[in-house]
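Here is a structure to go through by question and answer. Each reply sets a value against the rule behind the word.

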Amino acid sequence: MTSRKNRNNRLKDKIFSVWGIISTLIGLILLVIFIGDIIIEGIHRIDWDFLTGLPSRKPEIAGIFTAMMGTIWVLLLTAMISFPIGVAAGVYLEEYGKKGRLSKLLEINISNLAGVPSIIYGLLGLEIFARIMNLGSSILAGSMTLALLILPIIIVATRESIKAVPSSLKDASFALGATKWQTIYLQVLPASFGGILTGVILALSRAVGEAAPLIVVGALAYVPFAPKTPMDEFSVLPIQIFNWISRPQHGFITNAAAAIIILLVITFAMNGVAIYLRNKWQKKIKW
Amino acid sequence: MNYRSETQELIMKKDTMDTPVETNETKKPKKDQEYKIITRNLDVFYGEFQALKNINMKILPYSVTALIGPSGCGKSTYLRVFNRMNDYIDDFRIEGDVIVDRKNIYTEKIEIEQLRKDVGMVFQKPNPFPKTIFENVAYGLRIQGVKDKHFINEKVESSLKQVTLWDEVKDNLKKNALALSGGQQQRLCIARTLAVEPEVILMDEPTSALDPISTGKIEELLFDLKNEYTIVIVTHNMQQAARVSDHTAFFYMGDLIEEGKTTQIFTKPSNKRTENYITGRFG
Ligand SMILES: Nc1ncnc2c1ncn2[C@@H]1O[C@H](COP(=O)(O)OP(=O)(O)O)[C@@H](O)[C@H]1O
Ligand SMILES: [Mg+2]
């Protein structure tokens, strides 16, 4: 009786693990095919001229310089805007606003915000930043929109990292007469900084791939020169890719593949840094 | 077992040592002003649960008072009342008077940061900051805004000397405190507390995570420290209570069952439950 049950369970176990392996393999294989296809198509196109070239109607001389500079600008500004606001909000929710119905409501809403389609943020950015605040289709307006988009991720990451700080550390600080702010600033934030930074980088690596909200805000597919100030018009890599793919000439498809490779490299590099920071941080906080 | 005899032997030795104080104290009752900490009709609640019930107790300065009792009887809760460390617990509630240095610390306008400088605390598990040894000891001064480098250096050195850690770490003050052994970490935590010049030091089972040698060092330390500080220590170890304390209070399920001179509590406890506990029959 029991042995049959056992055998039955073992069979289920087997089926489940085989199913899991197959699913994983399908995912992996598709990813490899996709990336492989793109690399075959585009890798030979990547050279110095491609990286530093301005946009052009001729695919052989078109480059990604303006889009790449736009991406870098947007990335930096988005980080500068979202980092202080997100961390401050996370600290507030975790350490100060814990009690009360309002903070519960905020908490649920922040989790929900992370699931709102990015194009909605684009519409919000268009209305508030581009029109009401009169920033136009500038890098600043785009960055503020993306900052809004990734704020929920940063807030959640900040709260998780702060929660992971052992309470014995806070106890020690309070017991020596430190104020709440001193304890947060001198103990909690340094101890959770690795985790917070990891969250911020992962959030930014999401922002780097976004095209839709920036298109809504008014980023352009064709910008003749690289932006010089936050108020300039701009393009970013995903928009450039989108634009090239929709062209009939095959040369532009090759360009798009090459640009996708660059974008992938940027994303992987950011994820790599995030993983590195997380490991380093986990090693440091062993008690 | 021979647990009892060992403890009592300790007490016998102690008894002969302490005799003059004993006669002096039994003669005339003390005035309230002479006590460092007084609790009157203290009730503590966590939500609906009452963790301490009508506690009345007085603690003398320049002495070691041990709080003993089985797990969950409220020793830590009581200890954390004195520096208001329970304040962070959401549903914590307190009734009655807690008077430290003639100030009611729950009703009078006191600065909680100042209270915690006066009433230091050492925890069960050594919890140094993940900083250098030097910065651990300097932390309490830095948060007070002390900038004088010379003063900080001196204070760090003297505090580390007080806990007999100086010779072990003086060449490695820049080393991370987490690299120290458990016993060294706990002495560092004591030094960190001493650096802000407290008057009372609360210790919550400070040696329960340590090996016997480190435990011995900290017990020795207590003998020196009680000349300058008022020490309240929670301990699970009956022999430790007998060795280091002058006064002992026995708690059971939120009640203060019995308190008095350690010699008396351990040799002729007046309550049956106290006797059962100190002889190891339960707990
Ligand atoms: N934060 C808390 N919330 C609710 N109950 C608590 C809390 N802390 C302690 N208690 C309860 O209060 C009682 C006394 O706890 P404690 O003071 O830690 O005991 P002891 O230190 O003597 O082991 C225990 O029953 C414990 O479960
Ligand atoms: Mg305890």
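Q: Why are α6(A) and α8(A) called roughly antiparallel to each other?
A: The axes of helix α6 (residues 139-163) and helix α8 (residues 180-207) of chain A cross at roughly 150° and come within 8 Å. Angles over 145 degrees count as roughly antiparallel, under 35 as roughly parallel, 65 to 115 as roughly perpendicular and the rest as oblique, and therefore α6(A) and α8(A) are roughly antiparallel. Axes are lines fitted to C-alpha atoms, for helices over the stretch in contact, with angles from 0 to 180 degrees between N-to-C directions.

Q: What kind of model is this, and how are its parts numbered?
A: This is a predicted model, in which local features need pLDDT of at least 70 and side-chain atom pairs count only at pLDDT 80 or more, while totals for chains, interfaces and linings use all residues. Residues are numbered from 1 along each chain as its sequence is written, chains are lettered from A and ligands numbered from 1 in the order written, and side-chain values use heavy atoms, with hydrogens and water left out.

Q: Where is A:Ala79, and what does it contact beyond four places in sequence?
A: A:Ala79 is in helix α3 (residues 65-96) of chain A and is in contact with A:Pro84 and A:Leu204.

Q: Why does B:Ser63 count as buried?
A: Buried means under 20% relative accessible area, exposed over 50% and partly exposed in between (1.4 Å probe, protein chains only). B:Ser63 has 5% relative accessibility, so it counts as buried. B:Ser63 sits in the loop between β2 (49-59) and β3 (64-68) of chain B. Leaving aside neighbours within four places, its contacts include B:Tyr229, B:Asp246 and B:His247. A polar atom of the B:Ser63 side chain lies 2.8 Å from the backbone oxygen of B:Leu60.

Q: How many helices and strands does each chain have?
A: Chain A has 11 helices and 0 strands, and chain B has 11 helices and 10 strands. Helices (H or I, at least four residues) and strands (E, at least two) are DSSP runs, numbered from the N terminus.

Q: What share of each chain counts as buried?
A: Of the 287 residues of chain A, 45% count as buried. In chain B, buried residues make up 53% of the 283 residues.

Methods:
Polar contact = N/O pair within 3.5 Å; in protein donor to acceptor, adjacent residues only side chain to side chain. Contact = heavy atoms within 4.5 Å.
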